[in-house]
Amino acid sequence: MSDVGVLHPVRIRVAQILALGPRTGTQLRQALPDVPYSSLYRHIRWLVDAGVIRVVGERKVRGAVEHTYELDERAVQGAVPDPARLSTGDHERAVTAFVTGLMAQAHAYLEGDPDDPVAQGLTYTSVHVWVDDDELARLRARLRDLIDPLAHATPGPGRRQITLGVVAIPQPGGAEPADPTAR
């Protein structure tokens, strides 16, 4: 099994759906109509074998057994490999899977033709900033401070679930000289 196997775009989409609660195989097929039936079940089997999801129910449907799956939150924390140990190729596949997963969620949301996406929280931006190592470390810490309490919040009146994706990509070329006129 590949150490980045969980980062496959279909597997990420299955995990994202199950993050909302248990689903049957039929419900997963309905939620992912663009994924061929046999392919979807191979990905589900991979996720079960890897311990990322588990079977929490079974019932007979027309002579076959239909499973209900649930995301194992504890397993997911350990299922994504340590980024420091990934190769360049693994990082490329991981970023592709990450972006593909976000695109799939955006597509599913916008396909529902929402009345006012911006008022409902749709936000996307890209900004280039100059930072040194200390500034980047502080930025990461501040983002964690902002996001961590929200990641553990629970549903309630007036609350809606959003997906927040943050990525920082160092730009090619290395650091600029301390004095921009010193070229």
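One thing before you click: the model is predicted.

**Stop 1: helix α1.** Select residues 9-18 to bring up helix α1. How many of its ten residues are buried? Eight of them are, which leaves this helix mostly covered. To see them, colour Val10, Arg11, Ile12, Arg13, Val14, Ala15, Ile17 and Leu18. Note that Arg11 and Arg13 are among these buried residues.

**Stop 2: the second largest pocket.** Next, select Gly25, Thr26, Arg29, Tyr37, Tyr41, Val61, Arg62, Ala64, Val65, Glu66, His67 and Tyr69, the residues that line the second largest pocket. Which of them gives the largest share? That is β3, with five residues. Now colour the lining by residue class: six residues are nonpolar, three are polar and three are charged. The space inside the pocket comes to about 230 Å³.

**Stop 3: a nonpolar surface patch.** Finally, show the surface and pick Val95, Phe98, Val99, Met103, Val167 and Ile169. These side chains form a nonpolar patch, and their accessible area together is about 530 Å². Zoom in on Val95, which sits in helix α5 (residues 88-111). Is Val95 buried, partly exposed or exposed? Its relative accessible area is 40%, so Val95 counts as partly exposed. As you follow the helix, keep the helical repeat in mind: with 3.6 residues a turn, residues three or four places apart point the same way.

Terms used: Residues are numbered from 1 along each chain as its sequence is written. This is a predicted model: local features need pLDDT of at least 70, side-chain atom pairs count only at pLDDT 80 or more; totals for chains, interfaces and linings use all residues. Side-chain values use heavy atoms; hydrogens and water are left out. Patches are made of residues with over 30% relative accessible area and no salt bridge: like charges are joined within 9 Å, nonpolar side chains (Val, Leu, Ile, Met, Phe, Trp, Tyr) within 5 Å. Accessible areas come from the Shrake-Rupley method with a 1.4 Å probe; for residues, only the protein chains shown count as cover. A salt bridge is a side-chain nitrogen of Lys or Arg within 4 Å of a carboxyl oxygen of Asp or Glu. Helices (H or I, at least four residues) and strands (E, at least two) are DSSP runs, numbered from the N terminus. Buried means under 20% relative accessible area, exposed over 50%, partly exposed in between (1.4 Å probe, protein chains only). On a 1 Å grid over the protein atoms alone, a cavity is a set of points where a 1.4 Å probe fits but cannot get out, and a pocket is an open set with protein on both sides within 12 Å along at least five of seven lines; lining residues have an atom within 4 Å of a point. Grid points are joined across faces, edges and corners, and a volume is the space filled by probe spheres set on the points. Ala, Val, Leu, Ile, Met, Phe, Trp, Tyr, Cys and Pro count as nonpolar, Asp, Glu, Lys and Arg as charged, and the others, Gly among them, as polar.
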